[in-house]
Structure formats: structure tokens, C-alpha cells
Amino acid sequence: MDVTRVLVVEDEKRIADFISRGLESAGYQVATVHDGTSALEKIHEIEFDMIVLDLGLPDMDGLKVLEKIRNRKMSPSVLILSARGNVEDRVKGLEMGADDYLVKPFAFVEFLARVRALLRRGSTMPERFQVGDLALDALRRKVTRAGEPIDLAPKEFSILEYLMRHRGKALSRTMIVEHVWDMDYDGLTNIVDVYIRHLRSKIDDEYPVKLIHTVRGIGYMIDLPAELKS
Ligand code: CA
């Protein structure tokens with residue numbers, strides 16, 4: 001399978017780490033740099049599929065980086081992240097060749113949805129997942145179990161999608177919170193238990209085969225029960 005390479009250009013370490021870890025757990029290969037000069041060096045040595053670009057960099061304006069990326073006739077998608085949210089700034093970024101523009105602060109799910117949307121053409125990321133008779137279509141945001149459509153709230157959907165993308169792997173409450181809620185949701189991991197309860201009532205309770213498993217001391221996992229796995 002091809003890897004999708006993403007370069008994160010962001011000087012605020014906490015945001016950079018948050019984004020890179022999130023993208024990594026969504027299956028992307030991520031490189032991170034904290035200033036414009038390093039960004040241009042990296043872009044020169046590796047071909048990226050996407051650049052996540054902060055505008056307020058310590059050594060140059062992100063728009064300068066964008067300009068140089070475009071001058072080099074390289075063709076990665078560029079998603080601008082910025083605290084500058086007015087229409088003028090957005091238009092300027094898009095006119096200079098950015099593919100999308102996201103204003104800080106943002107929720108990771110929205111960020112990931114934008115990244116996916118930009119990479120969709122020619123993307124090799126799987127967008128349909130199946131565990132037993134449970135199916136999730138990430139593009140159409142549809143879930144069915146035994147062919148029956150199931151209505152999920154957006155956060156429930158995001159948690160289920162995250163579990164299904166990592167089928168068979170135990171995910172901690174912290175990982176789930178960081179993936180599904182915005183970056184300032186520190187310390188509220190109990191909320192995960194509440195949402196898992198909702199999810200179970202919708203996708204597991206009425207069915208004899210339970211797919212969501214509690215992994216003691218870690219968190220949750222989705223998979224067929226061991227005895228049903230071939
Ligand atoms: Ca910045």
C-alpha cells in the first residue's frame with residue numbers, strides 16, 4: 001500500500017505534536033518542522049502529498065512558504081492553519097494557491113475531515129470498514145449493522161470510525177479523547193465511557209455478537225470475538 005506523506009509546518013510545539021500524532025494514528029506518514037526555512041528544506045528533499053501550513057512562523061510568513069512551494073511547481077495539497085480568520089486573509093491564502101484554510105482553534109475531527117477531503121482524489125486511504133456484520137462508510141458517514149442503518153451522533157460516529165480504523169487494537173481513553181475532541185479537552189476521559197455506552201446501545205446491545213470490547217487498564221477495542229475469528 002502506498003503511504004500518504006504529510007508535512008506539518010507549525011511552530012507551536014503543542015499544536016504540532018497534537019496534529020502529527022493525530023495524523024499518524026489516522027495512518028499518514030508525518031514529518032514535522034517548526035519554521036519556514038526547515039519547511040522549504042524538507043519539501044526539497046521529500047515529495048509530500050500534503051502540507052499543513054501555519055501562517056505565523058518565527059522566521060517568515062507562511063504565505064512566503066506557500067509562494068515558494070508554488071514557484072517550485074511541486075504539487076502537494078496545502079492546508080493553511082491560522083489564527084487569522086478574516087475573509088481577506090482566507091481569500092489571500094486561497095488565491096496564493098492554498099487548497100483549504102482552517103482557522104484556529106479547530107477540532108481535530110474537522111481538521112482530519114479537511115485533510116481527507118483534500119487527499120481524496122488519488123488517495124489510497126481506506127474509507128470503508130467492516131467488522132463482522134457492522135459496516136462503516138467514512139465518506140458517506142453511514143453505519144449499518146446486519147444491513148440495518150444505524151443513526152449515530154457525530155462524536156459517536158467519530159469514535160466508532162477511530163476504533164474501526166484500528167480494528168483489533170486497544171485504544172486508550174486518552175487517545176480517543178485526543179482524536180475525537182478538540183485539543184483542549186484534557187482530563188475528561190470519562191466522557192469516553194459515556195459515549196461508548198451510547199455506541200453499545202446502538203450497535204451491540206440488540207445483537208448476540210458483541211463487537212466493542214473493554215480492554216482492562218487500557219480502554220476499548222473493536223473486533224469480532226476471538227471464537228468467531230477464523
Ligand atoms: Ca504560529
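Which backbone nitrogen does the side chain of Glu 10 reach? The views below are of a predicted model, in which local features need pLDDT of at least 70 and side-chain atom pairs count only at pLDDT 80 or more, while totals for chains, interfaces and linings use all residues. Residues are numbered from 1 along each chain as its sequence is written, and side-chain values use heavy atoms, with hydrogens and water left out.

**View 1. Glu 10 in the loop between β1 (5-9) and α1 (13-25).** The side chain of Glu 10 reaches the backbone nitrogen of Glu 12 at 2.9 Å. Glu 10 is buried, with a relative accessible area of 0% (buried means under 20%, with a 1.4 Å probe and protein chains only). Beyond its neighbours within four places in sequence, Glu 10 is in contact (heavy atoms within 4.5 Å) with residues including Val 33, His 34, Asp 54 and Lys 104.

**View 2. The open sheet of four strands, in the order β6-β7-β8-β9.** The pairing is antiparallel (two strands pair if DSSP finds at least two bridges between them; strands are DSSP runs of E, at least two residues, and helices runs of H or I, at least four, numbered from the N terminus). At the edges lie β6 (128-131) and β9 (148-150), each of which pairs on one side only.

**View 3. The antiparallel strands β8 (residues 142-145) and β9, joined by three bridges.** Within this pairing, Arg 145 has Glu 148 of β9 as its bridge partner.

Technical notes. Buried < 20%, exposed > 50% of the residue type's maximum accessible area, 1.4 Å probe, protein only. Polar contact = N/O pair within 3.5 Å; in protein donor to acceptor, adjacent residues only side chain to side chain.
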